[in-house]
Amino acid sequence: MNFQVTVLKILVSYPDGFAVMQDLKRDLAILATSGHDWAHRTRRLAARVSELDIFSQGLVDRESGGWKITSKGRAVLEFMESRPAAPEPIRAPLVEEVAEAVVVPAPVPPLRQSTDRAKRRSERRERRREARERVRTNAS
């Protein structure tokens, strides 16, 4: 359950909610080793929604080379993170009930990035790619 909440939190932090598997694994490793605070937080969030299954409930889609959070996934995560007005109910709502109750706003168009930022990003990716190739070559 904590893994699934962590995946939702990671995907919602990416532009368009899509992350390639390599980035997703890296972020999962960072959060998994970040200490007890993260584990307690994800456990608390998961307790707000019973029977959470991100794939079978359509909260996350598998796309070419990665995973993408759906609007239903965003709504469920928003519900989990919202502060309850009253003390926690005895029965946690099902994912379907949460998704029906939350009105999903229209998708926000992506922000335009400056060409300098895009260029720096591609240069960073190229440097990482070259570093990976050097490591593979040296390991052989």
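Start by colouring the sheet: 3 strands make an open sheet in the order 1-3-2, with antiparallel pairing (strands are DSSP runs of E, at least two residues, and helices runs of H or I, at least four, numbered from the N terminus; two strands pair if DSSP finds at least two bridges between them). Select 18-20 and 60-63 next: strand 1 and strand 2 are the edges, each having a single partner strand, so one side of each has no neighbour in the sheet. From one strand to the next, the twist averages 25°.

This is a predicted model, where local features need pLDDT of at least 70 and side-chain atom pairs pLDDT 80 or more, while totals for chains, interfaces and linings use all residues. Numbering runs from 1 along each chain as its sequence is written, and side-chain values use heavy atoms, without hydrogens and water.

Pick Ala19 and you'll find its bridge partner, Trp67, in strand 3.

Next up, helix 2: it lies across strand 1 and strand 3, at about 90° to strand 1 (angles run from 0 to 180 degrees between N-to-C directions; axes are lines fitted to C-alpha atoms, for helices over the stretch in contact).

Last stop: show 2-13 and 21-32 together. Helix 1 and helix 2 pack at about 120°, their axes 10 Å apart. For the side chains, select Phe3, Thr6, Val7, Ile10 and Leu11 in helix 1, which meet Leu24, Asp27, Leu28 and Leu31 in helix 2 (contact means heavy atoms within 4.5 Å).
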